[in-house]
Amino acid sequence: MDTVSEDINLKMVGLELMFLTPEKCSNTEGITAIELAKLVNLPVDIVKKKLNILKDKNIARVKGMNPKYWKFDEYNFQRLNDDDEIFHLLCNFEDVNFDKYFTY
């Protein structure tokens, strides 16, 4: 996985954060990296790295110190440049099963 466009783990973390519902969180401030790691079935250290990538792009917000609570920033996500690799990664829904995020 050399480029962001090939980063499946980043996509999994980003989409889970994007479609996060309050029922999946133990706190109204957001979700912890440990809770998110359980949802995406990845090691916590990988999830933390991916969350920091999203934070650096200003599309993930963090509150608190211990534990840190993470939330998706829809406002900043919509303002990403259309040419941004992470924007394309998170907007590519070809292989996304939405049943995972929503119950109808």
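I took helices (H or I, at least four residues) and strands (E, at least two) as DSSP runs, numbered from the N terminus. The model is predicted, so local features need pLDDT of at least 70 and side-chain atom pairs count only at pLDDT 80 or more, while totals for chains, interfaces and linings use all residues. Residues are numbered from 1 along each chain as its sequence is written, and side-chain values use heavy atoms, with hydrogens and water left out.

Entry 1: the end of helix 3. I looked just past helix 3 and found Asn58 with a positive phi of about 65 degrees.

Entry 2: Lys50. I located Lys50 in helix 3 (residues 44-56). Is Lys50 buried or exposed? Lys50 counts as buried, because its relative accessibility is 14%; buried means under 20% relative accessible area, exposed over 50%, and partly exposed in between (1.4 Å probe, protein chains only). Beyond its neighbours within four places in sequence, I found Lys50 in contact with Asp7, Asn9, Leu10 and Val13, where contact means heavy atoms within 4.5 Å.

Entry 3: the faces of helix 3. I listed Val47, Lys50, Leu51 and Leu54 as buried in helix 3. Seen down the helix axis, these buried residues fall within an arc of 105 degrees, so they line one face of helix 3; the arc is that of the directions from the helix axis to the C-beta atoms. On the other side of helix 3, I noted Lys49 and Asp56 as exposed. The buried residues pack against helix 1, helix 2 (33-40), strand 1 (60-63), strand 2 (69-72) and helix 5 (85-91).
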